[in-house]
Amino acid sequence: MGISVNGFARLGTHVVAPIAWTLLAPIAVVLGDKGGLIWPSLLALAGSAVLTLAAGWVIKQASAFGISPHTAPESAAVTVLAFTLGPVMLLGGLLVAWVCWARVKLGEDTFAEAAAGVLLGILIGGLGWIGLIVFLFS
């Protein structure tokens, strides 16, 4: 039988999106442990996720343009992890791409909303990484 395209999209948006970020946290713990970055990495991850959601909400209130609350935190997490733990973490971008496609496919976000979420996540994830560097070296 197999899974339909819409079923695959629902899996992406209703299963992968909520748990993808929480799956990245244990990865940060395991890999961060080798470099002594467990707590700073988790703090940067959590802070970036909260900031993306808050910034997306503020933008929506101010402009009525909805930024995807599913793609932004995942993009931020992948950005923080790529900077702190290395480029192999960019593979998490495949999960972000799946979530973006699924949100658009199911009509839950427009392409612009999903893309804006990714861009916001990368921006805030980068700021989270800078915050992590400042925290570690101050």
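The chat below goes through a predicted model of a protein chain, its helices and one leucine.

Q: Before we start, what kind of model is this?
A: The model is predicted, with local features needing pLDDT of at least 70 and side-chain atom pairs counting only at pLDDT 80 or more, while totals for chains, interfaces and linings use all residues. Residues are numbered from 1 along each chain as its sequence is written, and side-chain values use heavy atoms, with hydrogens and water left out.

Q: How many helices and strands are there?
A: The protein chain has five helices and zero strands, where helices (H or I, at least four residues) and strands (E, at least two) are DSSP runs numbered from the N terminus.

Q: And how much of the chain is buried?
A: Of its 138 residues, 43% count as buried, which means under 20% relative accessible area, with exposed being over 50% and partly exposed in between (1.4 Å probe, protein chains only).

Q: Which residues of helix 2 are buried?
A: Among them are Ile-38, Pro-40, Leu-42, Leu-45 and Gly-56.

Q: What about Leu-43, buried or exposed?
A: Leu-43 lies in helix 2 and counts as exposed because its relative accessibility is 54%.

Q: How far is Leu-43 from Leu-132?
A: Their C-alpha atoms are separated by 8.1 Å, although the two residues are 89 residues apart along the chain.

Q: What follows helix 2?
A: Ala-64 does, and its phi is positive, near 65 degrees.
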